[in-house]
Amino acid sequence: MSEYLFPFRLFIRVAHTGSFSRAGRELGISQSSASRIIASLERDLGALLLVRSTRAVALTPAGSTYLANIEPILAAFDEANLATRGGSELKGRLRLGLHSGVCLREVVPKLSEFLEFHPGLVVDLVAEQPYRDGVRDRVDLTLQIAAPEDATTAMRLIGSTPRVLVASPSYLIRRGVPNSPVALMTHSIIAGPSPSGGGAWFFSRSGRAVSISAEGKMTSNTCEVAMAATVNGIGIMSTGLWSCQAEIDAGVLVRVLETWDMGDVRLYAFLPAGAASKTVARSFMRHLASAFHKQV
């Protein structure tokens, strides 16, 4: 790592982690050394970049502006070096903002494949369901579930999976198998996080469209909790096939109303820094798109 650039890289890590000690550990120096280097940078700039307290470190307005300016410059510098060396192995840090359900089921296995090719990478995962704010979390790449009407031109479609209805065999023995979308109105509904459930469920078949209210017997803000409730026979759940394929294969869940189309669940990638995004972020986005394409 260039000695000249080290203070700037350190500042970026302190800004992202909110901690001198953690940033120092990541870069192999002590907390006191990290604090001293940042103080020297602030003196050179003639501006206070960080507010220190006993509990946290936060950016000042000047620090926020400086971070927004310096990160793209370092990203471009790293990319230029990589292109000049002609090396294929990526190094550094990749910070991902993820939809937690898709993260567990689909992204982490593909991340494992990526890290095998790039062992010098360090990855930070920020997982929420749904994932919302890549700017707030200062991530390099966000992966989020979005309906087509919610997607923007800045997003890249990574993959999609059919939306399905599932229930446990025990539930269907006890309550019966619905033979139409309308029949679901007499069943126990488990509403997971949007867009997996809640609000209304839409169905189509042979040119016929039907919608029903999906007010739940039970609601959850995470797909995994709703899935556990479904496996345990509480009701019928709508989710992407990604989220339940393992349970279907194991026989603990079965599909309901398979002849009706409920549309797709779509995973999009977004680079908050746009053209100035890190090489590693763009590379991982391409890796994901390729891996999902091969999976279809």
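A polar contact is a pair of N or O atoms within 3.5 Å; within protein, one must be able to donate a hydrogen and the other to accept it, and residues adjacent in sequence count only if both atoms are side-chain atoms. The model shown here is predicted, so local features need pLDDT of at least 70 and side-chain atom pairs count only at pLDDT 80 or more, while totals for chains, interfaces and linings use all residues. Residues are numbered from 1 along each chain as its sequence is written, and side-chain values use heavy atoms, with hydrogens and water left out.

**View 1. His-187 and its partner Tyr-171.** Let us start with His-187, found in the loop between α7 (169-175) and β7 (189-191); helices (H or I, at least four residues) and strands (E, at least two) are DSSP runs, numbered from the N terminus. The side chains of His-187 and Tyr-171 are joined by a polar contact of 2.8 Å. Along the chain these two are 16 residues apart, and their C-alpha atoms are separated by 9.9 Å. Leaving aside residues up to four places away in sequence, His-187 touches Tyr-171, Arg-175, Gly-176, Pro-178 and Ile-236, where contact means heavy atoms within 4.5 Å. Its relative accessibility is 13%, so His-187 counts as buried (buried is under 20% relative accessible area, exposed over 50%, partly exposed in between, with a 1.4 Å probe and protein chains only).

**View 2. Ser-33 and Ser-30.** Here you can find Ser-33 in helix α3 (residues 31-45). A polar contact of 3.0 Å links the side chains of Ser-33 and Ser-30. Ser-33 has 18% relative accessibility and therefore counts as buried.

View 3. The structure holds 5 aromatic pairs (rings of Phe, Tyr and Trp, its six-membered ring, with centres within 6.5 Å; planes under 30 degrees apart are stacked, over 60 edge-to-face and the rest tilted). In one of them, the rings of Trp-242 and Phe-292 have centres 5.2 Å apart and planes at 50°, so this pair is tilted. Trp-242 belongs to helix α9 (residues 241-250) and Phe-292 to helix α10 (residues 279-295), so the pair ties together parts 50 residues apart in sequence. Both Trp-242 and Phe-292 are buried.

View 4. Ser-206, which is not a glycine, has a positive phi near 55°. This residue lies in the loop between β8 (200-205) and β9 (208-213), and Ser-206 is exposed, with a relative accessible area of 79%. Leu-257, also not a glycine, has a positive phi of about 55°. Leu-257 sits in the loop between β12 (254-256) and β13 (264-270) and, at 13% relative accessibility, counts as buried.
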